[in-house]
Amino acid sequence: MADTLEFNEIYQEVKGSMNDGRLRLSRQGVIFKNSKTGKVDNIQASELAEGVWRRVALGHGLKLLTKNGHVYKYDGFRESEFDKLSDFFKAHYCLELAEKDLCVKGWNWGTVRFGGQLLSFDIGEQPVFEIPLSNVSQCTTGKNEVTLEFHQNDDAEVSLMEVRFYVPPTQEDGVDPVEAFAQNVLSKADVIQATGDAICIFRELQCLTPRGRYDIRIYPTFLHLHGKTFDYKIPYTTVLRLFLLPHKDQRQMFFVISLDPPIKQGQTRYHFLILLFSKDEDISLTLNMNEEEVEKRFEGRLTKNMSGSLYEMVSRVMKALVNRKITVPGNFQGHSGAQCITCSYKASSGLLYPLERGFIYVHKPPVHIRFDEISFVNFARGTTTTRSFDFEIETKQGTQYTFSSIEREEYGKLFDFVNAKKLNIKNRGLKEGMKQSYDEYADSDEDQHDAYLERMKEEGKIREENANDSSDGSGEETDESFNPGEEDDDVAEEFDSNASASSSSGDGDSDRDDKKPAKKAKIVKERKPRKKQPESKKGKDPNAPKRPMSAYMLWLNASREKIKSDHPGISITDLSKKAGELWKAMSKEKKEEWDRKAEDARRDYEKAMKEYSVGSKAESHRGERSKKKKKKQEKQMKGKGDKKGATSKSSSSKSPAKNASDSFKSREFVSSDESSSAESKKEDSEEEGAASPPPSSEDSASGSD
């Protein structure tokens, strides 16, 4: 026979809810590991008192009773597994696995039996239902009646909250059956009553979850959080794990208490209790017990008088009372030397701690993920910037957690840690390439993104130039904007097979000579927009007054350094989010101060703009006068040239027919005689033009007009 038996998909009944997990039976005892919380129940073989096999809603179940009265129920077995379990119990535990069926008659009267921490309602010898007394939150009595109230089950859609038992009177003198019933229930019920003095009290501790400052009173069996608005009583049996985590600034410490079931505040459930301590806070603590009681109960883990850092005292006392180890960060060290990574989860910024057996994120909302429940992890490129990446975790239950905005310098350290823990990496091939050369990954990412940005910028510049050309369009700018089109035509002709036939050049040069100017025009086309680009932005005067800032921007500029000092290492995006939250939470009185400053800045801006507009108008007026004067001079010079040309034309009009015929002949077809005669005539016309008297004042005036 095998020494161990293992069963998957077994359900343990705990406080009315069914938690799935794995059950393992060995020679040493029975071990059940909860898949949801990772909590392990270990029952030693020597503690087992009874084993019962019965039919339940989920097939067949196994009920185990221990010698100290605890009851454990496991459901989800198949009927065929009874023989295997029965033989195993006989061989290794020396117990008979009894078969007992539940009574299904539907009667509502019977006998109540108390066995250990279990209330059993029986009809005859068959049980109808059983109530674990640890589920009872309150027990009240009336005339011939006992009322049991239960803790609310957060995992179930419908919870049983109250059961009433009618207890008939008896003829026995001196014994009240109602009181006897209530005492049996209260002796085993999970009723928290603050009886006696607290072992110690910690005053005004800062609590992040639930938020506020609380006095923590330490009792032997539970923890009492006393705040201004809410009180919480937390039994030590609900504490799953304890974490002590250093803050990234190395000046503060987080103390995290994991709870199952969670504490409730209205409809909100808090699965984690997070306390924040400063390392500089010290305390001297005296326990409200004598030295013999302290030594007997805590066996040297605590002493009556202790002193040290506040976080050390709280964690030491909790460890001794809860009797659980405190989890601290392992060997992981980030790029900045801290044992955590700054990131964002959902809408809030926080810290991700890689532990030896899992990850924990603090603080809003707190998340703890064990390695054994992780299906795979994934390194994803950041969606908003190339300077960060996302770290995704998917569990075996299909839940996905995405921690975003992680600085890319942390990538190498985090990947090495995940690889060393042998977690499945979804995109392993790609990431191994990145691991070999992390800088290569960053450069390729950055270059690709920047190339896209450059392309978009160029398109934006072209659109901006076109808009400026269409809005400012003077005659000269119209010609320049049209020139590229002409150059395109020249370039097209250069590569056309009939380029020589379509050439419009009249210089008689070869095709090779015709192509050279086209190439020069192409170069000019490419460089012209870049040279003209600064000129198109002449509308923005650097001497013009700057626009005033809003009240929020004035406050942000004044408070930026303070926010950075309060949150060291905070990124620009997180700083903006934090500033928005602080501004939103600011009172109206404080905002009015910045509104006044913004109003003063606006008035100063309007005053400066008036002065600037007056000066700019005067300057523009002077510029217009100088332009008009320059244009007048140019027209005068042009008029003189036109007059000179008119006199030369009148002198050469003696032989109009011959000149007309000569003007239509090209230079190649003019004979030598004709060319010589034309040259002589040209010289004669020039002499006549030189001998003609200068124009009168009236002619010059008319020409200038």
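In which helix is Asp83 found? I looked this up in a predicted model. Asp83 sits in helix 1, which covers residues 82-93.

I then checked the surroundings of Asp83. Together with Glu79, Asp87, Glu99 and Asp101, Asp83 forms a patch of negative charge on the surface. I noted a relative accessible area of 51% for Asp83, so this residue counts as exposed because the cut-off is over 50%.

Next I turned to salt bridges. I have 17 of them on my list.

I went to helix 13 (residues 588-651) for the pair Glu599 and Arg602. Their closest N and O atoms are 2.3 Å apart, and the two residues form a salt bridge. They are three residues apart in the helix, so about one helical turn separates them. Glu599 is partly exposed at 28% relative accessibility, and Arg602 is partly exposed at 33%.

In helix 13 I also looked up Asp600 and Arg603, which are three residues apart and thus separated by about one helical turn. Their side chains meet in a salt bridge at 2.9 Å, N to O. Arg603 has a relative accessible area of 45% and is partly exposed; Asp600, with 39%, is also partly exposed.

I found one network in which Lys33, Arg370, Asp372 and Glu373 are joined by salt bridges that share partners. Within this group I checked Arg370 and Asp372, whose salt bridge has its closest N and O atoms 3.1 Å apart.

Terms used: Residues numbered from 1 in each chain as written. Predicted model: local features only at pLDDT ≥ 70, side-chain atom pairs only at ≥ 80, totals over all residues. Heavy atoms only, no water. Patch = residues over 30% accessible without salt bridge, like charges linked within 9 Å, V, L, I, M, F, W, Y side chains within 5 Å. Areas by Shrake-Rupley, 256 points an atom, 1.4 Å probe, with all protein chains shown as cover. Salt bridge = Lys/Arg side-chain N within 4 Å of Asp/Glu carboxyl O. Lys, Arg positive; Asp, Glu negative; His and termini not counted. Charge placed at Lys NZ, Arg CZ, Asp CG, Glu CD. Helix = DSSP H or I, 4+ residues; strand = E, 2+ residues; numbered from the N terminus. Buried < 20%, exposed > 50% of the residue type's maximum accessible area, 1.4 Å probe, protein only.
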